[in-house]
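Here is a short tour of one protein chain for you to follow in the viewer. Please keep the sequence and the structure side by side as you read.

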Amino acid sequence: MNLKIAQSVRRAFTLAELLIVMAIVGIIAAVTIPLVSANSQKLQSISALQKANNTFANMVNQSQVNTKMESWNFNTDTETFVKEYFLPYVNVAQDCGTTDTGCFADNYTAVNTGESLDNNYYKVMLSDGVAMAIKLTPGCTDTNPSECVKIIVDTNGIKKPNRWGKDVFEYQILANLSAVVPFGSFTQYNEDTGKWEAAVDDDVTTKCTSSDERYCALKIINDGWKMNY
């Protein structure tokens, strides 16, 4: 009988051992949970960015049936442009216009460079939860090709982290280019060839991670829809 009791005592954990195990589990949880949460946020942002990318592609394809993109009037005001060329081809859940709040957060952060969303942008929330802010860029012409339209994409609307390169990205419409492209896709217009010159991948990576988060959408696409930063 005494031998069985002694064996039972030897098999049991002491309070000190249990506390040590609990401390180890706590440390592991403290390290892994933030990583899992960060990876989950990345996957959500990438999935929503893919949806936005598809929305742009569908918008361009559908609009070509009515008014070809090369015939769009960029010499107008932002609100008129959005209502004529943008809104008919997207599923809008909330139209915030140029002054109303609700589609975008009040503040956004950036380590390096990010644009503020002022009332010059026309803002909408799409039915899939992606928010978009559109603004015409003055001086866009086919004779002097430049950026015609800025489009800011927040992949989860007003929800956090509200940070450039994480859930906030930028797209462009360029003169003489019938497409909506991630910011920085092209560096300059070559008048001799009549084409835009594509950006170099290494430059895009450096800019996204070191100097300008507006390039991060292009980096994600170049990396095969992965957020490797």
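Does S185 count as buried or exposed? S185 counts as buried, because its relative accessibility is 11%; here buried means under 20% relative accessible area, exposed over 50% and partly exposed in between, with a 1.4 Å probe and protein chains only.

Before going further, a word on the model: it is predicted, so local features need pLDDT of at least 70 and side-chain atom pairs count only at pLDDT 80 or more, while totals for chains, interfaces and linings use all residues. Residues are numbered from 1 along each chain as its sequence is written, and side-chain values use heavy atoms, with hydrogens and water left out.

**Around S185**

You will find S185 in the loop between β6 (180–182) and β7 (186–190). Helices (H or I, at least four residues) and strands (E, at least two) are DSSP runs, numbered from the N terminus. The S185 side chain comes to 2.6 Å from the backbone oxygen of P182. That is a polar contact, meaning a pair of N or O atoms within 3.5 Å; within protein, one must be able to donate a hydrogen and the other to accept it, and residues adjacent in sequence count only if both atoms are side-chain atoms. Leaving aside residues up to four places away in sequence, S185 touches E197, A198, A199 and L218, where contact means heavy atoms within 4.5 Å.

**The chain as a whole**

Stepping back, the chain has five helices and eight strands, which follow one another in the pattern α-α-α-β-β-β-β-β-β-β-β-α-α. Of its 229 residues, 38% count as buried. Among contacts in the chain with a separation of 6 or more, 56% come from residues 24 or more positions apart.

**The sheet**

In what order do the six strands of the open sheet run? The order is β1-β2-β3-β4-β5-β6, and the pairing is antiparallel; two strands pair if DSSP finds at least two bridges between them. At the edges lie β1 (92–97) and β6, each pairing on one side only. From one strand to the next, the twist averages 25°. Helix α3 packs on this sheet and touches β2, β3 and β4, with its direction at about 120° to that of β3. Such angles run from 0 to 180 degrees between N-to-C directions, and the axes are lines fitted to C-alpha atoms, for helices over the stretch in contact.

Now look at β4. Eight of its eight residues are buried, so β4 is largely enclosed by the rest of the structure. On one pairing, β3 and β4 run antiparallel over six bridges, and A131 has D154 in β4 as its bridge partner. Seven bridges join β4 to β5, also antiparallel; here E147 is partnered by L174 in β5. Further along, three bridges link the antiparallel strands β5 and β6, with I173 opposite V180 in β6.

**The disulfides**

How many disulfides does a search of the whole structure find? There are three, a disulfide being a pair of cysteine sulfur atoms within 2.5 Å.

| Disulfide | Sulfur–sulfur distance |
|---|---|
| C96 and C103 | 2.0 Å |
| C140 and C148 | 1.7 Å |
| C208 and C216 | 2.1 Å |

With bonded cysteines counted along the chain, the pattern is 1-2, 3-4, 5-6. The C96 and C103 disulfide is right-handed because the torsion about its S-S bond is about 85°. The link of C208 and C216 is right-handed too, with 100° about the S-S bond. C96 is buried at 2% relative accessibility, and C103 is buried at 1%. C140 and C148 are both buried. C208 is buried with a relative accessible area of 3%, and C216 is buried with 1%.
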